[in-house]
Amino acid sequence: MKKIIITISALLLITSSLLAGEVNVFSSRHYDSDVQLYKKFTSQTGIKVNVVSGKDKALEKRILEEGKDSKADLYITSDAGRLGAAQAKGMFQRSSSSILKKKIPSNFRTSYWYGIAKRARVIYYSPERTPASMLNGLRYEDLADPKYKGKVVIRQSNNVYNQSLVASLIQNNGSKKTAEWAKGLVGNFARPAKGNDRAQILAVAAGEADLAIANTYYLALMLSGKKGAEQKAAAQKVKPFFPNQNDRGTHMNISGGGVLKYAPNKANAIKLLEFLLTDEAQEHIVNNSYEYPMVEGVKANELIAQFGLNFKQDQKTKVSSYGKKQAEALKIMMQAGWQ
Ligand SMILES: [Fe+2]
């Protein structure tokens, strides 16, 4: 009897997944937690999620090379600059969803791709050496001031987070001013640009620099202890400062996804995106990646919330401008000697 019931329930499961179908996700987000999230989606909808994870370049190459034969439905990655660049290569198709439109503020989505979570690119300092009052009113623009000579660290210009930041400066201040700014900033470097975002935070903790630019979630990741005791101790020595509070606000970026041009399962891809914007999924995401939730009402993880959630976010600069100005941003950085 038991065997029959098991067989029947297995058959039901197979039938329902055959009816519900599947969705093929290509993701460069390297979080095991995303897989748990997809499992939840499958148990709620019956839609099977097949994940291909890898580095952006490799995923993009495969999607473009396979063209019409590609089975990829949804491309999930971080940085609006990367999403915009993929869009420019014709990788996405337009998709629309009233749910996504309602939940995602207009500056964090386009008709081709949607923001799933937010991050801020902020300035880090050591409260021991630099009292917060000294930074009052600080803007990204001020980091080119000669008074910060030998004090600033940031990663290399080939990094998309930096390209998006510089793109936002071009968008707001124009090319000429941004080129001058980049030269000033490079002149203030405490060392040639190197390392990842966490390496910049470590440099401030170690006293190699006074100010570092890095994304918010890295500090929380280090504080969580997941990167080891040494990085946790270092993270405890620094604090984030949210720049440009008296004007447009702090530079914001996103993780996001878009439906691919030849997606065989477009409807399921949209369903998965909608699921990622549910409160349940948003909570799961922010508690694993330490990003900020896209959906209002969902709380950020305490490790990041402790630094304040009421800072002014740049909602004026559309994140879709990052991809559009990316090539120019890189050119400006290279010309300034930002390696
Ligand atoms: Fe990152």
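How many helices and strands are there in the protein chain?

**Figure 1. The protein chain as a whole.** There are 15 helices and nine strands in this predicted model, where helices (H or I, at least four residues) and strands (E, at least two) are DSSP runs numbered from the N terminus. The radius of gyration comes out at 21 Å, close to the 20 Å that the globule rule gives for 339 residues, so the chain is as compact as a globular protein of that length. For the record, that radius is taken over C-alpha atoms, and the globule rule is 2.2 Å times the number of residues to the power 0.38. Along the principal axes, the C-alpha atoms fill a box of roughly 80 × 40 × 30 Å. Buried residues account for 53% of the 339; buried means under 20% relative accessible area, exposed over 50%, and partly exposed in between (1.4 Å probe, protein chains only). Take the contacts between residues at least 6 apart in sequence: 79% of them join residues at least 24 apart, with contact meaning heavy atoms within 4.5 Å.

A couple of notes apply to every view. Residues are numbered from 1 along each chain as its sequence is written, and side-chain values use heavy atoms, leaving out hydrogens and water. Since the model is predicted, local features need pLDDT of at least 70 and side-chain atom pairs count only at pLDDT 80 or more, while totals for chains, interfaces and linings use all residues.

Figure 2. Ala-80, Gly-81, Leu-83, Gly-84, Ala-85 and Ala-86 are the buried set to look for in α4. What do they pack against? The partners are α3 (56-66), β3 (74-78), α6 (160-173), β8 (252-259), α14 (320-324) and α15 (326-335). At the N-terminal end of α4 sits the cap, Asp-79, with a side-chain oxygen 2.7 Å from the backbone nitrogen of Gly-81. Asp-79 belongs to the loop between β3 and α4, and counts as buried because its relative accessible area is 0%. Its backbone is worth a look too: Asp-79 has a positive phi of about 85 degrees although it is not a glycine. Most residues other than glycine have a negative phi. After α4 comes Gly-90, again with a positive phi, near 80 degrees.

Figure 3. Is Arg-94 buried or exposed? Exposed, because its relative accessible area is 53%. Not counting residues up to four places away in sequence, Arg-94 touches Ser-111, Tyr-112 and Lys-266. With Ser-111 there is a side-chain to side-chain polar contact at 2.8 Å. A polar contact here is a pair of N or O atoms within 3.5 Å; within protein, one must be able to donate a hydrogen and the other to accept it, and residues adjacent in sequence count only if both atoms are side-chain atoms. Arg-94 and Thr-110, 16 residues apart in sequence, have C-alpha atoms 8.7 Å apart.

Figure 4. In α12 (residues 279-289), the buried residues are Ala-281, Gln-282, His-284, Ile-285, Val-286 and Ser-289. They pack against α2 (32-45), β4 (114-125), α9 (216-223), α11 (266-276) and β9 (292-293). Gln-282 counts as buried because its relative accessibility is 1%. Beyond four places in sequence, Gln-282 touches Ile-116, Leu-276, Leu-277, Pro-293, Met-294, Val-295 and Val-298. Tyr-290 lies in the loop between α12 and β9, and its phi is positive, near 65 degrees, even though it isn't a glycine. At 4% relative accessibility, Tyr-290 is buried as well.

**Figure 5. Val-186 in helix α7.** Val-186 is part of α7 (residues 175-187). With a relative accessibility of 17%, Val-186 counts as buried. Which residues is Val-186 in contact with, once neighbours within four places in sequence are set aside? The answer is Ala-336, Gly-337 and Trp-338. Lys-227, by contrast, is 41 residues from Val-186 in sequence and 29 Å away in space, C-alpha to C-alpha.
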